[in-house]
Amino acid sequence: MMTKSYITTPIYYVNAAPHLGHAHTTVMCDIMTRNRKANGVDTRLSTGCDEHGQKNQESAEKLGMDVMEYLDLRSSEFKKAFDLLDVDYDYFVRTTRPFHKEQVAAMEQKFMDAGLIIEKQYTGIYCKGCEQFKTESDLNDEGRCVDHPNMDVEEIDEKNYFFPLEPFRQRLLDHIEANPDFVQPPKFLSELKNMLAEPLEDLCISRPKSRVSLGVTLPFDEDFVTYVWFDALINYLTNLGWPGNDYQDYWSEVEHVIGKDILKTHGVYWPIILMGMGETLPKRISVHGHWLGSGGVKMSKSLGNVVDPLEIVEKFGADALRYYLARHMRAENDSQISVELIQGAYNGELGNKVGNLLSRAAKFSVDRFDGKIPTKGTLTEEDEAARAIALKAAQGFAEVFALTDIPARTEALVQAADELNNYFTAQAPWKLIKDPETADRAQTVLYVTLDSLRVLLEAFRQIIPTSADKALAILAAPVEEGVWSPELDRLEEGGTFGEVVALFPRVT
RNA sequence: GGGCCUGUAGCUCAAUUGGUUAGAGCAGAGCGCUCAUAACGCUUUGGUUGGGGGUUCAAGUCCCUCCGGGCCUACCA
């Protein structure tokens, strides 16, 4: 049984404002963290910004800003966005912080001393956009990089430092063989195996300062800074205070959550760097797909289908976005998103099912029972069935789940709320209450509905914490932080309702 | 060019991994209810599973091919 856990988001390149992809990965990590904490696992979550590299430097220059001033501004935007999205992180790293830079440099010196780094001369065509050298076939008809057709490429002849990866390839393959859970879901494991099927090229770990100044200076050659990935990945360790004494407990349980675009850096480069350091390899790399615009095409400004997370938060609230991201990402594939789809899910799933159930049962109770939680009488078969449905859906949150489990488990909660709506309509307490002989029965139906909903809401805290707590406050059912398990009959009979307001007010 | 994946009702997704008449939600249509956020419930319309070919008693599922999407990668960066 896992007792500690360490979840990481990638650290985000700050050459532009935070976008949906950043929001997605980070919110998924937050959900996994809340889930583990609720199940008694001591979990830490790290996120942050990668502030080195050529593109960051150029973004600052383009705005005519001092580099540090620019980085301060950008990283504060990321931090603000994650705060707005209710992400409860333990570490927000900035790779420009002195401790991180010192440890990166120390690690590099060790690599040099151990003979793991070599020096080579290289001539080639360099694309600043990619921060990579290109071959002739990479270029378009105009001799420009296909990914950055608006930038000129440069011919460069220079010395650089390299970390040969090939000597570690077989060890990594052996590790994967012995740990088939290393990358999840399986589709991405086979992709990783393919990346390792051919000999690996040496990883260039340096960039000359004449081209890039924003980075960690190489300890053995001050004319160079460190290539961003060779520096950035180390944040996963330096966040924990590595190489201090107490990092190991969390490090041995580390899970990296990434988008499929950076599988190679995390599945190949990073484990091999760790091997070079003599460190434990990550326990798991959990990979998710990307969000596409509706129709399944990539989001782009020219198509006008870009979903801006902050605009969504402003229009629908943070929980609407958190819910959509959690519920509608398919396990192994890319998924679609648009303002219309979010609006549909918000109104139709959160509002009409969950929010409306709370409204109809709570307002009815408040009106007829003097603002008090009704009293439960003898339960019928139908009552028990309704309770069982809620309990079962909530049970999915009373165990540690994987990244790919999130959509189905979230869906189960909404479905359970939907079934409670069914139950409520079938029992029709508004009819029962008219006859004195069945008035008590109305109270039981209301209690069962509200108490079952409370169980669902407690599970919902892992997905949409603010809304769930708001709803639980209406039910006068405060929950304690920490270890949780779903239990019935925790709603206090005769307790006083909070003010009943619409949980997810309809947005049109 | 190579690798991995993908295309199923108007829209977003399922289909126990080859096995009855391909399911669900939303949208549309009809009815009901009035506790509720014009919300809820019941009924219902809608599919040659991207096109073509093949294997099989049987194909959404396997093979080939064409078309459309996505990510990675590409003479030592």
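Select P208 and then F224 in β12, its bridge partner. The model is predicted: local features need pLDDT of at least 70, side-chain atom pairs count only at pLDDT 80 or more, and totals for chains, interfaces and linings use all residues. Residues are numbered from 1 along each chain as its sequence is written, chains are lettered from A and ligands numbered from 1 in the order in which they are written, and side-chain values use heavy atoms, without hydrogens and water.

Next, show β10 and β12, which run antiparallel and are joined by 3 bridges. Strands here are DSSP runs of E, at least two residues, and helices runs of H or I, at least four, numbered from the N terminus; two strands pair if DSSP finds at least two bridges between them.

Move to E158 in strand β7. E158 counts as buried because its relative accessibility is 10%; buried means under 20% relative accessible area, exposed over 50%, partly exposed in between (1.4 Å probe, protein chains only). Its side chain makes polar contacts with the side chains of N160 (2.8 Å) and R211 (2.9 Å). A polar contact is a pair of N or O atoms within 3.5 Å; within protein, one must be able to donate a hydrogen and the other to accept it, and residues adjacent in sequence count only if both atoms are side-chain atoms.

Last, select α4, residues 98-113. Its buried residues include H100, M107 and F111.

Notes:
Expected span 1.5 Å × (residues − 1).
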